[in-house]
Amino acid sequence: MEQGDTDGIAAQPASAFVFVSRPACSLTKTQERLTFWGLAVLCFGIAIAFAALGFWMILPFAGLEVGLLAWALETMRNSQSDYETLTIDGDKVVLDWRIGRHVGHREMNRQWVRVGCECLAPGKDCRLRLSSHGTESELGSYLNDEARQQLAAILKSKLQG
């Protein structure tokens, strides 16, 4: 998941600010099935051809390959419902998230929230954090480094006003 939905910034009535970020899921269920079965047939077809030539030990490895592909696609499918939502409404800042089976909710006072964006190298490996009362929450895990920096600048301006 390299980059999430960067069009998630939206203004709502009454000066509320909402940012929604989701993982980029490019395959539909139909495309996912076609990809899986196409690769499984190809893999087993080649393995059966080599097994017919006497190289039967290739069959367990082909099965392992297809099993790992199924696991990877299942993992991708499970992350389709993940999200991060940040809402700034009046003096309240609300952060909601779902990552796998973990669901979280955090409410903070706007006056106490601090935005931090640290990068290990200039513009690379950036982490965006919101902190309040000694507790930090990371935000923007579905964004690339440039989008995290842009979001940090937007949040700093929104929280000052």
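1. A residue is called buried when its relative accessible area is under 20%, exposed when that area is over 50%, and partly exposed in between (1.4 Å probe, protein chains only). By that rule Ser-137 is buried, because its relative accessible area is 9%.

2. A word on the model before you go on: it is predicted, so local features need pLDDT of at least 70 and side-chain atom pairs count only at pLDDT 80 or more, while totals for chains, interfaces and linings use all residues. Residues are numbered from 1 along each chain as its sequence is written, and side-chain values use heavy atoms, with hydrogens and water left out.

3. You can find Ser-137 in strand E8, residues 135–139. Strands (E, at least two residues) and helices (H or I, at least four) are DSSP runs, numbered from the N terminus.

4. What does the side chain of Ser-137 make a polar contact with? Its partner is the side chain of Arg-106, at 2.8 Å. Such a contact is a pair of N or O atoms within 3.5 Å; within protein, one must be able to donate a hydrogen and the other to accept it, and residues adjacent in sequence count only if both atoms are side-chain atoms.

5. Setting aside neighbours within four places in sequence, Ser-137 is in contact (heavy atoms within 4.5 Å) with Leu-95, Arg-106, Leu-128, Arg-129 and Leu-130.

6. Now look at Asp-125, in strand E7 (residues 124–132). Asp-125 is not a glycine, yet its phi is positive, about 55 degrees. Asp-125 is partly exposed, with a relative accessible area of 48%.

7. His-133 sits in the loop between E7 and E8. Its phi is also positive, near 55 degrees, in a residue other than glycine. With 63% relative accessibility, His-133 counts as exposed.
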